[in-house]
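The tour moves from one selection to the next and says what to look for at each stop.

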Amino acid sequence: MAGIETHIPTNRRRFLLSSGAAVAGVGAAWALPGQRSSSAAPHAHPLTRTTPARTGGRRPAPYGVTTLDTAAHLTGSGAYRRIGSGPGWPLVVRGELAGATAGRQDRRTALACFVQFTDLHVADVQSPLRTEYLRAGSPGSWRAQEALSVAGAVSLVEQANALGGGPHTGRRPAFVMSTGDNIDNHSTVELEWFLTLMSGGRITPNTGDPAAYEGVQNCGLPLYWHPADGLRDQDKKRGLPSIPGYLDAAIRPVTSPGLRIPWYSTPGNHDDLPGGCLTPQDPELTDYVTGSRKLFSVPDSDVAAFAKVLETGDDPKSTVLKEILARNAARSRTVTADERRRMFTPHDYLRAHLNPAFAGAGPAGHGYTEDHLNDDRMYYTFTVAEGVLGISIDTTYRSGHFEGSLGTGQLQWLERTLAAHSARHYDADGRLVRNAGADDAHILIFSHHHSPSMTRRPDAARSEEKRHDGEELIALLSRFPNVVAWINGHSHVNRITPHAHPTAARSFWEVNTASHVDYPQHARILELVDNHDGTLSLFTTLIESAAPHRTDFDDLSAVGLASLYRELSYNAPGLAAGMGGGVHEAMAGRPADRNTELLVHRA
């Protein structure tokens, strides 16, 4: 099997992060309600480092700033570390699935260029349904930066708009695909914020009292960071700053320019389910989320009970949460009720995407059409570029679970769709099947869940259907040589996995991208090229938001808040101290999971 080759441009000093195994327990430390971070070991492929420049010695122009040029890094050695601009990350050529031949840079043809957003988690941080109190048992269960999710996401939209062209092809990105967990609480107001963010307009990231913040960050409990007052909370003890005016700024209106290119939407568990894991439309939770009472703390025994049920998916999470809310009713505090926090149905979700007010740069519906309303279907095909097909699939459990799967009906639809766009494929027994009438296209699959997070758990909302896991989906995709890559999110980790097959043409890549709410707050540019030597290359280049790396605690403008959003995420509990070690690598990935050239045999 071919190895991995690292290209570091000669005009940039080497910036290679220390290697090391992922720290045991990282997934548990970072787990949030409805989210489980991957704790699988990093890839074990050897790295061979070389120094030739990319693509004939320079990148095609025009292009925007990417992590090939510069990347955010922590400076200093205090408890709270500031962000600065550091050297970019190298291009890693990965030849596990197809060999890299000399001269391909000079003969390749660009086929497609687009951008992937994932796991934006645009959040109403004042919602009564939030379970911030789980932080008492797991520090990563609440984020100090999450009140700034809108400002941070607007800055990512600005960065996508600034990309003049892909760094390896010069081709302007044709669209953005957001691969799920676009919102956090499954609330109507968050959905409106996300759609406005992507399509353009004014967002006021505040619910409840229109003139005041009513969340955990001014509640007087040292469990949470209180940026705007003098409370000596646990985060200030570990170095987080005092920032007068922070909460007022966090709920101020923000204007998004909207994407200037078309965008598509793929659903994640936080889009489909309250908290990403609870039963939708539960009457008691429906009343609670729009009501005037909110819990800010619970006894340690309740923290442990709910944390346990999140890890044992067969238990009724909504039931346990309702029991906790009932037991602790006397502890709850009065907040301003807000009907905009109501949950929505899959039908509502589709209708909102089809609303002309959110058309933005198109396409109408952002992948969904009126036909999808007939059965609340959230999977579709679309044209990535001439000769390149995109397939967006829905991997969520609608009855309430943070893991993913496919139902039999959707799996059969996917098989038919793949066959219709493949002149040749293999049946389940490995026999070659030819289809002369097929529209022979290169195929890219998009989903929220990655393969390790897909299980065969029954889905009570679709009890008549058998569910299918990640291994079954890999087996199906490997029957179709036209499949180039499966692109997804959910893990909040950068990881790229080769799915090799004994028949080399049946191999494909899985590209798993980290979130934009947690460190390292990345999105990706993806560029597909034909090398005209029997191989294709898929270039993956990580990008950060447009916000400056350097923060200023006195700058509470939208730009200043976006910079602070990044810096706070880099200082999450246990993360800053672990930079250069396993925690860091578990989230950001190795160099081979970041800026890459992924070679695959051309079908």
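Helices (H or I, at least four residues) and strands (E, at least two) are DSSP runs, numbered from the N terminus. This is a predicted model, in which local features need pLDDT of at least 70 and side-chain atom pairs count only at pLDDT 80 or more, while totals for chains, interfaces and linings use all residues. Residues are numbered from 1 along each chain as its sequence is written, and side-chain values use heavy atoms, with hydrogens and water left out.

Buried means under 20% relative accessible area, exposed over 50%, and partly exposed in between (1.4 Å probe, protein chains only).

**Two residues with positive phi**

Most residues other than glycine have a negative phi, and most peptide bonds are trans. Go to His121, in the loop between strand E6 (109-117) and helix H3 (149-162). His121 is not a glycine, yet has a positive phi of about 50°. His121 is also buried, with a relative accessible area of 1%.

Next select Asp181, in the loop between strand E7 (176-178) and helix H4 (188-199). Asp181 has a positive phi of about 50° and is not a glycine. The relative accessible area of Asp181 is 1%, and the residue is buried.

**Helix H10**

Select residues 317-327, helix H10. Among its buried residues are Lys317, Val320, Leu321 and Lys322. What do the buried residues of H10 pack against? They pack against helix H8 (283-290), helix H9 (300-311) and strand E16 (401-404); contact means heavy atoms within 4.5 Å.

**Two cis peptide bonds**

Pro363 is in the loop between helix H11 (346-354) and strand E13 (380-385). The peptide bond from Gly362 to Pro363 is cis, with omega near -10°. Then move to Pro520, in the loop between strand E24 (508-512) and strand E25 (523-530). The bond from Tyr519 to Pro520 is cis, with omega near 10°.

**Helix H12**

End at residues 408-420, the 13 residues of helix H12. From first C-alpha to last, H12 reaches 18 Å, close to the 18 Å expected at 1.5 Å a residue; the expected span is 1.5 Å times one less than the number of residues. Buried residues in H12 include Trp413, Leu414 and Leu418.
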